[in-house]
Amino acid sequence: MSKYIMGAAIAAAMIAVPAQAKTTQSMKCAVVSQANIDGLFTEFNNAWATKNPDLVTKLFTKDAVLLATVSNKPRLNHAEIRDYFVSFLKGSPVGSINSSSYKMGCNTAARLGTWTVQLTDAATGAKTDVKARYSFIYRLEDGKWKIDHLHSSMMPEKAG
């Protein structure tokens, strides 16, 4: 099983486990809506616009995983996630959602679908649209919704 398929399976399990793990009445599940999750993407896109890798990295949980579109290396901690965004943000990325589905759990949520990330070549100003699939897995950490897992991969087939 490839690392990426295994990572997707682990991410899917993360959604189910907290809901099943509720064994005591002391655990409280935060209420979250699709509009809240949409707002988290807007916050992420706005952080990209600042070109500040520290602001983007702060949107991730302490033990987040980033499987980025244009990197072969899984990013497994804040230092590695920040390192990715230092380079990636130079392309002035702007993300737009093409399709979404949502999965809500106890203190977790997922937004899955397709998106287009527009990148701008700093030297020429030429813009390139990268069509990709995405999985944002969010988790409530210290009272704030953060990205626990982000996977993005380019579409394998040309649009026809």
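Let's start at Ser71, whose side chain reaches the backbone nitrogen of Lys73 at 3.2 Å. Keep in mind, everyone, that this is a predicted model. The Ser71 side chain also has a polar contact of 3.0 Å with the side chain of Arg75. Where does Ser71 lie? In the loop between strand 1 (60-67) and helix 4 (78-88).

Lys73, by contrast, is partly exposed at 41% relative accessibility. Its side chain meets that of Glu80 in a salt bridge, 3.9 Å from N to O.

Side chains of opposite charge can pair when their charged atoms come close. How many salt bridges does a search of the whole structure find? Nine.

Here is one I like: Arg111 with Asp38, where the closest N and O atoms are 3.1 Å apart. Arg111 sits in strand 3 (residues 108-120) and Asp38 in helix 2 (residues 34-50), so this pair ties together parts 73 residues apart in sequence. Arg111 is buried, at 7% relative accessibility, while Asp38 is partly exposed at 29%.

Lys144 belongs to strand 5 (residues 144-154), and the two partners are 101 residues apart. Both ends are partly exposed: Glu43 at 30% relative accessibility and Lys144 at 38%.

Last stop, friends: a network of salt bridges links Asp63, Arg139, Glu141 and Asp148.

Terms used:
Residues are numbered from 1 along each chain as its sequence is written. This is a predicted model: local features need pLDDT of at least 70, side-chain atom pairs count only at pLDDT 80 or more; totals for chains, interfaces and linings use all residues. Side-chain values use heavy atoms; hydrogens and water are left out. Helices (H or I, at least four residues) and strands (E, at least two) are DSSP runs, numbered from the N terminus. A polar contact is a pair of N or O atoms within 3.5 Å; within protein, one must be able to donate a hydrogen and the other to accept it, and residues adjacent in sequence count only if both atoms are side-chain atoms. A salt bridge is a side-chain nitrogen of Lys or Arg within 4 Å of a carboxyl oxygen of Asp or Glu. Buried means under 20% relative accessible area, exposed over 50%, partly exposed in between (1.4 Å probe, protein chains only).
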